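Hi,

Here is the model I promised to pass on. Have a look at it first, and my notes follow below.

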Amino acid sequence: MTTSAARPQAAAGPAPPEWLQTVLSDTSPDGELAVFDQPSPVSAARVFVATVLTQWQADDSVYDAQLVVTELITNAMRHGGGAASLALVLRGTHVGCAVSDHSTAPPVPTTPDYFAEYGRGMHLIQALSICWGWYPMTHGKRVWAVLR
């Protein structure tokens, strides 16, 4: 079930920050960029995030970025036909995370049952990021989140 608060966001498709837009549309970013073309399993993606953000001296963002990336990849695997790639972008004090999948369906937060084992991922992404959304591609989409 989709919450009433989530439905307008899902229909609108929020625009990413301009600096992240360049990555989503496959052009050169203004900032640091790292791409991981095989983000499955999730554990390998978490190691990639920690390694890259540590190299970029963005250690304060590692834990939150790992949680967001874990949820993005898990959603891509569960609802998007698999995760195709993970891109990280550093611009000043902001970290952008984008996961590509094979589905054109937009991500929509749901209201999980109190006892459900899943259904909280997009809420976690909303809580940890300053903004999130998705970007349609020719085949599939990229779901992105920006952390501070």
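Which residues in H4 meet which residues in H5? From H4 they are Asp64, Leu67, Val68, Glu71, Leu72 and Asn75, and they meet Gly121, Met122, Leu124, Ile125 and Leu128 in H5. Contact here means heavy atoms within 4.5 Å. By class, this contact has 7 nonpolar, 2 polar and 2 charged residues. For that count, Ala, Val, Leu, Ile, Met, Phe, Trp, Tyr, Cys and Pro are nonpolar, Asp, Glu, Lys and Arg are charged, and the others, Gly among them, are polar.

Before the rest, some ground rules. This is a predicted model, where local features need pLDDT of at least 70 and side-chain atom pairs count only at pLDDT 80 or more, while totals for chains, interfaces and linings use all residues. Residues are numbered from 1 along each chain as its sequence is written, and side-chain values use heavy atoms, with hydrogens and water left out. Helices (H or I, at least four residues) and strands (E, at least two) are DSSP runs, numbered from the N terminus.

Back to the helix pair. H4 covers residues 62-79 and H5 residues 121-128; they pack at an angle of about 150°, with their axes 9 Å apart. That makes H4 roughly antiparallel to H5, a label used for angles over 145 degrees. The axes are lines fitted to C-alpha atoms over the stretch in contact, and angles run from 0 to 180 degrees between N-to-C directions.

Now the sheet. It is open, with 5 strands in the order E1-E2-E3-E5-E4 and antiparallel pairing. Two strands count as paired if DSSP finds at least two bridges between them. Strand E1 (32-36) and E4 are the edge strands, each pairing on one side only. From one strand to the next, the twist averages 15°.

On one side, 7 bridges join E5 to E3 (residues 94-101), and the two run antiparallel. E5 also pairs with E4 (residues 131-136) in the antiparallel sense, over 6 bridges. Arg142 is the bridge partner of Ser100 and also of Tyr135, while Trp144 is the bridge partner of Ala98. E4 and E5 form a hairpin with 4 residues between them, and Gly140 in the turn has a positive phi of about 105°.

Is E5 mostly covered or uncovered? Mostly covered: 7 of its 7 residues are buried, meaning under 20% relative accessible area with a 1.4 Å probe, protein chains only. Lys141, Val143, Ala145 and Leu147 point one way, Arg142, Trp144 and Val146 the other, and all are buried.

Cheers

How values were computed:
Parallel < 35°, antiparallel > 145°, perpendicular 65-115°, else oblique. Buried < 20%, exposed > 50% of the residue type's maximum accessible area, 1.4 Å probe, protein only.
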